[in-house]
Amino acid sequence: MLFVNYPKCSTCRKAKKWLDEQNIEYESRHIVEDNPTADELRKWWEISDLPLKRFFNTSGMKYRELKLKDKLPDMSEDEQLDLLATDGMLVKRPVLVGDDVALVGFKVKEWEEKLL
């Protein structure tokens, strides 16, 4: 599994601790130093069964600075994915990706249902 996270993020640290406690093996990837590409994001979005908006860090400063709340509805899916690929801080984190699962954000119940 690939664990895409921002180490300073408290939610990411909680998710990492949970993964370790469940003995789930993963490869860790720093979301800012190694930002997901548009192609990766598209693949993750397709297997996640989530709306694309869930991949945006809507509480982040960058999201607010760019006024994305108003702009996203008028953007195509390709434009949104390309935008997400420009800056890891725009991406909701953590993201946990396996062969047939992609989880965005950390909700224990959701992770338990999909992983255990």
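A salt bridge is taken here as a side-chain nitrogen of Lys or Arg within 4 Å of a carboxyl oxygen of Asp or Glu. The model is a predicted one, in which local features need pLDDT of at least 70 and side-chain atom pairs count only at pLDDT 80 or more, whereas totals for chains, interfaces and linings use all residues. Residues are numbered from 1 along each chain as its sequence is written, and side-chain values use heavy atoms, with hydrogens and water left out.

The structure contains eight salt bridges. In one of them, Glu 21 pairs with Lys 17, with 3.0 Å between the closest N and O atoms. These two residues are four apart in helix 1 (residues 10–21), so about one helical turn separates them; helices (H or I, at least four residues) and strands (E, at least two) are DSSP runs, numbered from the N terminus. Glu 21 is partly exposed at 49% relative accessibility, while Lys 17 is exposed at 53%, where buried means under 20% relative accessible area, exposed over 50%, and partly exposed in between (1.4 Å probe, protein chains only).

A salt bridge also joins the side chains of Glu 40 and Arg 29, at 2.8 Å from N to O. This pair links distant parts of the chain, since Glu 40 belongs to helix 2 (residues 38–48) and Arg 29 to strand 2 (residues 27–30), 11 residues apart. Glu 40 is partly exposed, with a relative accessible area of 24%, whereas Arg 29 is buried at 10% relative accessibility.
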